[in-house]
Amino acid sequence: MKELVFGSLRFSRTDVPADLKQLESWPTVDISALSENDLAGFKARCDAIRLFLDEANFPISSITSATGVQPAALYRVLKRCWTKHDDGQIYGFRGAIPYARFKAYARTAPVLATFDGHGGASGAFERLLNTYPKIRQLLLKHAKNRNKKIKGATVFRMSIEEIHQKFQQACRDEGIGPTEYPFSESRLAFRSVQKFFKQTADKDFSAAVAHAGGKKARAAVSTLEQAPAATQAFEVIQFDGHKIDLRLTVKMTDPHGFERLLEINRVWILVLLDVFTRAVIGYGLTLSKEYNKDDVAMAFQAALVPFKPRDYQIPHLAIRPGGGFPSAVIQRTAYACWDWFAIDGAKAHLAADTLVRLNEIVGCWTDNGPAGEPNARPFIERFFHLISKHFAHKLPGSLGNSPDSIEKLLCDVGGDLRLLVEYEELEDLIEVVVGNYNGAAHSGVGGRTPLEAMALSVERQPYLRTLPRQLRGSLCLLQEARVVTVKGAVKDGVRPHINFSNVKYTSDILADNAALIGKKIRIYYDVRDIRSVKAYFDDGSELGVLRAARPWCFTPHSLRVRQEIFRLLAEKKIALHDGDDPMEVWAKFKWAESKTSRKAANDLAKAHKANTLPAFRPMAQVETLVPKSTDTDAVVERRPETSRTEEQIKAKVLQIRRVVKF
C-alpha cells in the first residue's frame, strides 16, 4: 500500500483500501491534552484527512485552501497515520499530532573518546548494535536464556557482569579498537547493557515477570466475546471437570467365575451449573484417567434430557424433599437449551466435535476463559470445593487435597479394599449429593434453594428455548461424519466395502454394487459401539447400515477398545485365532494386568459399566501370552470354532438423524 501511494507509480484516491479509509475505526486522540497551538494544527490535519479520504472528487488544491495543509504535509501525515504502532494497530489520528515523535533517535556520528563518562554518547549503544548485528544477536540470546524458568539444580542464571564480559569480548572480536565505543566509556557501556535487557524483557509481559523475579504472569484478558452477566435461568452455564479425591473399587466377575474386588483410578465428575440460579442442571462421571470429548458429550446429554433417578443399592438412600434436578422438578426445563457456555481451555472442551455439538445442536455461544484461572469460573469451582470438603474428604479412602492432608491420614484404610467405596455406590452417593445441593438454601440466590430460584426465573421467562423434537435422541453422543472411500476390485473378485478402524464394513446393498467402488461416502457411528455404522452418499441420500466383518460383529465394543486391541496385536501381547472373540481376548488380558495396574482395572470397569464385557465360557484349550505369569489369570483361551446364527451376529441398528442447524 505504501509503495502504491507514496512510490513513483500514479495512483487514485479511490485505490486506497477500504479498511484504511474507515476513519471511525481509527485510534483517536484526547484533544483536551493538546496545547492551544497544537490543537489548531491537529484539527486542520484531521479535516484535510477527512476531505482527502471521504471526498474523492475534492481537488487537493481545494483541500489546501480549506485547511491550510500543504500537499506534501498531507501525504506525510497520511503516511504516519497508516504506519503500524507498537500496540499492533495503525497510528490513526495519533499520527496527526503536531511535533509528535514517531521514530526513535538514531545516532550517525561516532563517539569521541573522552574516557570521563560525562555524556556525549547519546544513541551510541543502539548505533553499535546496528553496525554489528552479531553483538545484538549475542545479547538477545542471553536475554532469552535469562528469562527462562530454571529447571533442576544444574541450571543457573548468568549474571549481568558475566554477560557484560562476553559483550566486551564480542566487541573485540568485531575489531573495535580501545579508543572506540564502548571502550572509550568509563564503565564500558555496562548500564546500556542493563537497559537493553530490561527493554527486551518489557516487550513480553511473561518475560518481564521472570526478569523481575516473579513466579508466573497472570492470564491475559481474552479479546474474544465473553458471556454477559446472567439475568435469567439458562442464560449462562459454567462447565468444568473435577477429579474426585477418593480411592474407589469395582466388583466384577473374573474369567473363572469368581467375584473380585479391584481398585481403580480416581474418577472425574463433569458438571454443568446455571450461573443465575446456581442449580446443577446435569453431570456425568467418567472412569477414564483423563476425560475426552465423548465424556463431555455424555454430560451434555445428562443436562438436556429429563432426569431419571437411579435404583439405589444403598438402603434408605434418597434425595431430600425439595431437592432433585431441574429437568425432573420443573417441567418446562426438560430439554432446555442454554445461550452461553463458559469453559476453560482444556483440549476436550475445545475439540471440534464439542464445539459442533454446542453450536449446531444446542445452539449456544462459547466463552473460552483462561486455563488455570479458577476466578474466571467462580461458581463451578465453588461447587467442586463443596463436593470435596463436605463429601469426598469424609469417606474412607479420601486422598485429601494435598499429599500431606490430614484427611488422607484419618481416612487411610491401607490395603483393605473392602473398606473403600465401590464405584456403583459412588454413583448413588453423587446423585443424592447433587440433588440435595439443588434443594439446600444458597446465599448466592438470596437464601432460596437453587431449584426455587430456577422455578421463579422460568416462570417469569415468556419463552424458554428447548431442543427440537427431531434431535431428542442419542445424537449428542455421536461424532461428526467421517468421509471414507469404497474399496474393492472387480478383477480380483473383492466385493465393495469400506475400511474403518482397521476393520472391513459392508452390507448386502453395498457388496452387490460394483459401481460404488471408488466413491466417497459419509459414515456416522456411536463411539460406544462401533459394530455397525450408518452410511450416506455425498448428496445426503441414505445408503444404509454397514456391519463389521467377523469376528468384530459379535460383542459390542467401543472405538477406544478396538484401537487398543490392534495396538496389543502389533506389540504381540495378545493373539487372535480363528473363532476368537477379540473382546474376550482383550478382557482376559486386562484381567491379567489388573493385578498390578489400576488402568487395566479402570478399562474393565468401563467395559463392565457399558455392558460390553463378554460372557466367559469354560476353557477348552489354553495358550500363554504376554504378560508372562504363572497365575491362571495371565492366560488367554483359544475357543473351538462355533457356528452362530444370523440373529446372533446381527449388529444393532443405529438411529441417527440428520443435524439441524439453527
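A residue is called buried at under 20% relative accessible area, exposed at over 50% and partly exposed in between, with a 1.4 Å probe and the protein chains only. The views below come from a predicted model, in which local features need pLDDT of at least 70, side-chain atom pairs count only at pLDDT 80 or more, and totals for chains, interfaces and linings use all residues. Residues are numbered from 1 along each chain as its sequence is written, and side-chain values use heavy atoms, with hydrogens and water left out.

**View 1. Tyrosine 283 and phenylalanine 325 form a stacked aromatic pair, one of 20 aromatic pairs in the structure.** Rings of Phe, Tyr and Trp (its six-membered ring) pair if their centres lie within 6.5 Å, and planes under 30 degrees apart count as stacked, over 60 as edge-to-face and the rest as tilted. Here the centres are 6.0 Å apart, with 25 degrees between the planes. The pair links distant parts of the chain, 42 residues apart, since tyrosine 283 lies in strand β5 (residues 280–286) and phenylalanine 325 in the loop between α11 (293–304) and α12 (326–329); helices (H or I, at least four residues) and strands (E, at least two) are DSSP runs, numbered from the N terminus. Phenylalanine 325 counts as buried because its relative accessibility is 2%, and tyrosine 283, at a relative accessible area of 14%, is buried too.

**View 2. Ring pairs link Phe125, Phe167, Phe196 and Phe197 into a cluster.**

**View 3. Strand β14 (residues 529–537) is largely enclosed by the rest of the structure, because 8 of its 9 residues are buried.** Strand β14 pairs in the antiparallel sense with β13 (residues 520–526) over 5 bridges, where two strands pair if DSSP finds at least two bridges between them. The bridge partner of isoleucine 521 is phenylalanine 537 in β14, and the hairpin of β13 and β14 has 2 residues between the strands. Strand β14 also pairs in the antiparallel sense with β15 (residues 542–548), over 5 bridges, and serine 532 stands opposite arginine 547 in β15. The hairpin of β14 and β15 has 4 residues between the strands, and in this hairpin glycine 540 takes a positive phi near 100 degrees.
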